[in-house]
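Student: Please walk me through this model. Take one feature at a time, general idea and then the case.

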Amino acid sequence: MMQQYLRIKAAHPDTLLLYRMGDFYELFFDDAVKAARLLDITLTTRGQSAGQPIKMAGVPFHALEGYLAKLVKLGESAVICEQVGEVTGKGPVERAVTRIITPGTLTDSALMPTNRDIPLAAVFEHEQQLGLASLSLASGRFRLALTSRMSLDADLERIQPAELLCPDHLADGINARISSGVAVRRLADWQFDFDTAQKLLTAQLGTRDLAGFGVDQMESAICAAGALLGYVQQTQRSALPHIDRIVVDRDDAYVRMDQSTRRNLEISETIRGEPAPTLLSVLDCTATAMGARLLRDWLHHPRRDRALILQRHAATHALTPVAAALHQQLRDWPDVERIATRVALRTARPRDLSGLRHALTQLPHLLASLPNGAALAHFAEALSLSPDISKHLTRALADEPATALRDGGVIRDGFDAELDELRGLQSNASAFLLDLEARERARTGIANLKVEYNRVHGFYIEVTQGQLDKVPDDYRRRQTLKNAERFITPELKTFEDRALSAGERALSREKWLYEQLLDFLAPHVRALHALARAIAELDVLAANARNVARLKLCEPRFVDTDRIHIKAGRHLVVESQVDSYIPNDCDLSRSRQLLLITGPNMGGKSTYMRQVAQIALLAHTGLFVPARSVEIGPLDAIMTRIGASDDLAQGRSTFMVEMTEAATILNTATERSLVLIDEIGRGTSTFDGLSLAYAIARHLAATTRAYTLFATHYFELTRLNAELPNLANVHLDAVESRDKIVFLHRLEPGPANQSYGLQVAALAGVPRSVIKLARKQLSMLEQSAAPSTTTQGGLFESAPPTAEPTTETHPVLDRLRDAQPDNLTPKEALALLYQLKSELDEHDN
């Protein structure tokens, strides 16, 4: 057996091999040590190899899926080796690898999150051209794109693959750039061969060439796609009929967003990596898992095709009267998309098919409930599936089929005569034996004759010694007892042969009938996927219609002029976390391209900028937006430089990360990009930071001419509007009340007059003594600074000689300010009074 194991393991040296032995999947040697650590299972030893005990660990066969899910979550792969032969007693049972589980090739519902795809991606470079291919095996979506080394990070963040295939010569560079949650799989360079890729792809797609898919001049992407397809075929060990087309992602099809922008806008993950609160979590009121995945996809792929966006708007309006009812209809729909894929891969379980049957029986009612009109006409074909599918599933499947086919009870009674007969033999054995016993008693005249069964001798007729003279000639002796003889007849022998094998034969017949059912469904997989896409889109559009009232959204209006005009815009995520939210306007145009935003810390500058970007993003997904009204012109990218973080793994300081993101914006933004810059330059010295902020703001306003929201605490920058007529100063205001700060969160024209940094520090809990010292230092700095129109001194101006402060705070006054009378007992208060009097006398003397 170990020789057999080692032969199979040799073909998969770097992957955990789960080797079926009876009711367990066993792992041996180093695999056992690794699995015991990862899965928290017992490590033991058994037998010897080369004089050393063989380490082993195992998991029960019925609990395999849970352990696989844990391995996949850790980025590990696993090879499943099953017993495929019969027990002969002449050696180990024949075993073979039946499937290979990797993070990017999952289709089993137990291993995957319901609300997001788990794509597999591959990248290859050919003649300075970087090609990217991605495949969601669970849905069959196969995409190709051309990218660049500069854009690769953004593309991977958009796709969010669970596993990335790359050739050996690129692997080290790729490993250093991608997020830790992606499993990188190194493949030999020859696996990306162009000719091999073309043969694999044309064979899979059933075409002579790839000309019809628009992949001309995309050699590197074709190489990546070929390697990806070969990898999937190797891991699945089955045909992939649901992968029947390639979609090319063109760079100009989407509003570009880089990695930091997706992170800063918290589209589907917070900056801390949590699933809520995010834009997706606030908007997602979809009824189906398919709809939730499509909504996520739309949010990460904002479109520039206005015709498509307006089509989504029209469909939303058409669905508004029936949105609530449609939501209720879809709530109990299964995941048709993933079920169809499992049908194609022949891994669908009985409950999958019963869920599909339920959905298809509801389809006519769903179709009838949709309003008529052009806005929804394109859904009609996808929803008009042949009724033969649901009828056949209803005839074939039991009302409540077993979870696993091996348990039986999947095929409906009456569907197959042979299966019914075998089941009858199992369930009606007792009735047959009673009937035979009655007939034999009547035939032989033996009143105490018994027909019985035991596991050793099977079925028999028992006759006592005193009645042996009445035994007929056709009775054959089976066993002799002290007081009785046991016989068998030809009729009973025939029944025994059939009854004892009936359970095994019934299960075998049921498995064959189930395979026939999958064969029947296979030609309909493409139609089922089209149905799934239509249901998902209806679900998202109905959710959009419901959100109009739930979240107070409006339909954005697209214009051809260069402008972004938002009336009473709101940040959906922040609004969902607070009791009340102050909406704000935004007006950007060619004469007002850069808004220089000043104001106190915590005043809402970052929230304001993010809300503008989120509204622009939502508008280009075809969803409605949180505002009273929105007009938006052509937009090609959303780019951000927000927040402070380092990248220690790559040896990059906070300031280096900040400058890298700024460089990306300055090098790639166009006049139709929306750029958000928040407090740039703060990670270095004051004069260096101010100089960089000045140069970057000027470049964006005068050279790039992008729509820009530029938040800063450098008040010197507010004088840029004297040089640049397309720059406007705005601020988010706050007021002081009794040494406390009140944030108004309302955008006002003009620059702010101060930052209120000390007040915010006090709110954060900085000790009073530190705040007091900071006030002293601030007073000295303000008095030493040159006269300025702003409260804070101009850092570009020469400062006059430093002067000592004209007043000094009395130490007794400091003690008195620190005192807390409400917390003192009368005795402590009297003691404090004497101490202060004593200190005052000493100071005066």
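**Reading the features**

Student: What covers the buried residues of H24?

Tutor: The cover includes strand S21 (594–598), helix H23 (654–668), strand S24 (673–678) and strand S25 (707–711). Some terms first. Helices (H or I, at least four residues) and strands (E, at least two) are DSSP runs, numbered from the N terminus. Buried is under 20% relative accessible area, exposed is over 50%, and partly exposed is in between (1.4 Å probe, protein chains only). Contact means heavy atoms within 4.5 Å.

Student: What kind of model is this, and how are residues numbered?

Tutor: It is a predicted model: local features need pLDDT of at least 70, side-chain atom pairs count only at pLDDT 80 or more, and totals for chains, interfaces and linings use all residues. Residues are numbered from 1 along each chain as its sequence is written, and side-chain values use heavy atoms, with hydrogens and water left out.

Student: Back to H24. Which of its residues are buried?

Tutor: They are Gly689, Leu690, Ala693, Ile696, Ala697, Leu700, Ala701 and Thr704.

Student: What is the span of H24, and what is expected?

Tutor: The expected span of a helix is 1.5 Å times one less than its number of residues. H24 runs over residues 686–704, 19 residues. From first C-alpha to last, H24 reaches 25 Å, close to the expected 27 Å. Just after H24, Arg705 takes a positive phi of about 60 degrees.

Student: Which peptide bond is cis?

Tutor: The one from Ala276 to Pro277, with omega near 0 degrees. Pro277 lies in the loop between helix H8 (259–264) and helix H9 (279–283).

Student: How do I read a helix pair?

Tutor: Two packed helices are described by the angle between their axes and the distance between the axes. Axes are lines fitted to C-alpha atoms, for helices over the stretch in contact, and angles run from 0 to 180 degrees between N-to-C directions. Under 35 degrees is roughly parallel, over 145 roughly antiparallel, 65 to 115 roughly perpendicular, and the rest oblique. Here, helix H16 (residues 387–396) packs on helix H19 (residues 490–521) at about 175 degrees, axes 11 Å apart. H16 is therefore roughly antiparallel to H19. H16 contributes Asp388, Ile389, His392, Leu393 and Ala396 to the contact, and H19 contributes Leu517, Phe520 and Leu521. By class, the contact has 6 nonpolar, 1 polar and 1 charged residues. The classes: Ala, Val, Leu, Ile, Met, Phe, Trp, Tyr, Cys and Pro are nonpolar; Asp, Glu, Lys and Arg are charged; the others, Gly among them, are polar.

Student: Is His571 buried or exposed?

Tutor: Buried, because its relative accessibility is 4%. His571 is in the loop between strand S19 (563–569) and helix H21 (572–577). Leaving aside neighbours within four places in sequence, His571 contacts Tyr581, Thr607, Arg610, Gln611 and Gln614. A polar atom of the His571 side chain lies 3.2 Å from the backbone nitrogen of Val574. A polar contact is a pair of N or O atoms within 3.5 Å; within protein, one must be able to donate a hydrogen and the other to accept it, and residues adjacent in sequence count only if both atoms are side-chain atoms.

Student: Where is Glu65, and what does it touch?

Tutor: Glu65 lies in helix H3 (residues 64–73). Glu65 counts as buried, because its relative accessibility is 18%. Not counting residues up to four places away in sequence, Glu65 touches Arg99, Asp108, Ala110, Leu111 and Arg349.

Student: How far apart in space are Ala133 and Leu228?

Tutor: Their C-alpha atoms are 7.4 Å apart, and the residues are 95 apart in sequence. Ala133 is in strand S8 (residues 129–136). Ala133 is buried, at 0% relative accessible area.
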